Amino acid sequence: MPRTSAGTPRERYRAQVRAEVKERAWEQIAEAGASALSLNAIARQMGMSGPALYRYFGSRDELITELIRDAYRSLADAVRAADGDVPSLAHALRAWALADPHRYFLVYGTPVPGYHAPDDITAIASEIMARLLDAFAEPPAGEAETPFDAHLAEHRGWTDGHPAPPPAPRRALAFWTRLHGALSLELAGHFTGMGFDPALLFAAELESLGG
């Protein structure tokens with residue numbers, strides 16, 4: 001029987017089961033966090049045995065890797081779809097984070113104990129940082145080099161060979177750390193009851209970064 005672009009019935013069924021497993025995993029993460037993720041619990045919810053489920057995901061870490069890979073890829077796609085200027089990238093990041101806080105915290109929250117991400121996930125993260133370095137490649141006129149710029153000249157491994165000149169790496173890092181700080185506090189509920197609009201705080205931080 002010829003195969004179609006959608007794959008064989010067995011392949012389609014496998015894809016459906018893997019998709020449902022990931023949906024159940026996100027539900028668990030929403031309830032108890034990624035560290036409590038359990039393949040056996042997911043198997044019970046789906047009416048399967050543990051060994052049967054392990055045919056689709058060989059371990060908890062394999063499942064976590066798939067979830068993180070999906071999350072990073074969706075953020076990379078959102079960043080790529082945005083205009084290349086700093087405000088557009090910032091608002092794409094915030095919209096992505098607000099759309100699914102649990103996905104955000106799986107990527108940028110507390111690391112899962114004992115879990116180590118494979119190299120291909122680091123490569124996807126590098127795509128996102130490359131877009132930021134592109135956005136900051138043209139420095140403001142007259143901006144003086146700082147001691148941290150000099151330090152980064154000798155510590156550029158995280159830029160994955162991007163040719164952006166100083167002060168682009170420093171400005172990209174400032175963007176990344178400050179806006180993620182504001183987002184993390186907002187999504188964790190730390191601004192609740194303080195009486196101000198987190199969107200305006202985010203905009204103010206962005207403006208102070210030159211965006």
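## Pockets, cavities and helix contacts

Student: Which helix gives the largest share of the lining of the second largest pocket?

Tutor: Bear in mind that we're looking at a predicted model. The residues lining this pocket include His102, Phe105 and Leu106, along with Ile29, Gly33 and Pro113. The largest share of that lining is 3 residues, and they come from helix 6.

Student: What about the largest pocket, which residues are closest to its centre?

Tutor: This one holds about 340 Å³ of space. It has 17 lining residues, and they divide into 11 nonpolar, 5 polar and 1 charged. Closest to the centre are Ile68, Tyr72, Val107, Ala117 and Ile121.

Student: Which helix supplies the largest share of the lining of the largest pocket?

Tutor: The elements giving two or more residues to this lining are helix 4 (60-81), helix 6 (101-108) and helix 7 (119-135). The largest share is 4 residues, and it belongs to helix 7.

Student: So how do helix 4 and helix 7 pack, roughly parallel or roughly antiparallel?

Tutor: Their axes lie 9 Å apart and meet at an angle of about 20°. Angles under 35 degrees count as roughly parallel. That is why helix 4 is described, relative to helix 7, as roughly parallel.

Student: Is the crossing of helix 4 and helix 7 left-handed or right-handed?

Tutor: On the helix 4 side, the contact includes Thr65, Ile68, Arg69 and Tyr72. Helix 7 brings residues including Asp120, Ile121, Ile124 and Glu127. As for its hand, the crossing of these two helices is left-handed.

Student: How many charged residues are in the contact of helix 4 with helix 7?

Tutor: Several of them can be picked out by name, among them Arg69, Arg73 and Arg80 of helix 4, and Asp120, Glu127 and Arg131 of helix 7. The contact also has 9 nonpolar residues and 1 polar one. The charged count is 6.

Student: Let's move on to helix 5 and helix 9. How far apart are their axes?

Tutor: Helix 5 covers residues 86-99 and helix 9 covers residues 168-187. They pack at an angle of about 30°, so helix 5 is roughly parallel to helix 9. The distance between their axes is 11 Å.

Student: Is that crossing of helix 5 and helix 9 left-handed or right-handed?

Tutor: The residues that touch include Val86, Leu89 and Leu93 from helix 5, with Phe175, Trp176 and Leu179 from helix 9. By class, the contact has 11 nonpolar, 1 polar and 2 charged residues. The crossing of helix 5 and helix 9 is right-handed.

Student: Now for the largest cavity. Which helix gives the largest share of its lining?

Tutor: A search of the whole structure finds 2 cavities of 30 Å³ or more, and about 40 Å³ of space lies in the largest cavity. Asp149, Leu152, Ala153, Arg156, Pro166, Pro169 and Arg170 line it. Helix 8 (147-153) and helix 9 each give two or more of those residues, with the largest share, 3 residues, coming from helix 8.

Student: How many charged residues does the lining of the largest cavity have?

Tutor: Look for Asp149, Arg156 and Arg170 in the lining. By class, there are 4 nonpolar residues and no polar ones, and the charged count is 3.

Student: Last one: is helix 9 roughly parallel or roughly antiparallel to helix 10?

Tutor: Phe175, Arg178, Leu179, Leu183 and Glu186 in helix 9 meet Pro198, Phe202, Glu205, Leu206 and Ser208 in helix 10. The two helices pack with their axes 10 Å apart, at an angle of about 170°. Angles over 145 degrees count as roughly antiparallel. So helix 9 is, relative to helix 10, roughly antiparallel.

How values were computed: Residues are numbered from 1 along each chain as its sequence is written. This is a predicted model: local features need pLDDT of at least 70, side-chain atom pairs count only at pLDDT 80 or more; totals for chains, interfaces and linings use all residues. Side-chain values use heavy atoms; hydrogens and water are left out. Axes are lines fitted to C-alpha atoms, for helices over the stretch in contact, and angles run from 0 to 180 degrees between N-to-C directions. Angles under 35 degrees count as roughly parallel, over 145 as roughly antiparallel, 65 to 115 as roughly perpendicular and the rest as oblique. A crossing is left-handed if the near helix is turned anticlockwise from the far one by less than a right angle, and right-handed if clockwise. Contact means heavy atoms within 4.5 Å. Ala, Val, Leu, Ile, Met, Phe, Trp, Tyr, Cys and Pro count as nonpolar, Asp, Glu, Lys and Arg as charged, and the others, Gly among them, as polar. On a 1 Å grid over the protein atoms alone, a cavity is a set of points where a 1.4 Å probe fits but cannot get out, and a pocket is an open set with protein on both sides within 12 Å along at least five of seven lines; lining residues have an atom within 4 Å of a point. Grid points are joined across faces, edges and corners, and a volume is the space filled by probe spheres set on the points.
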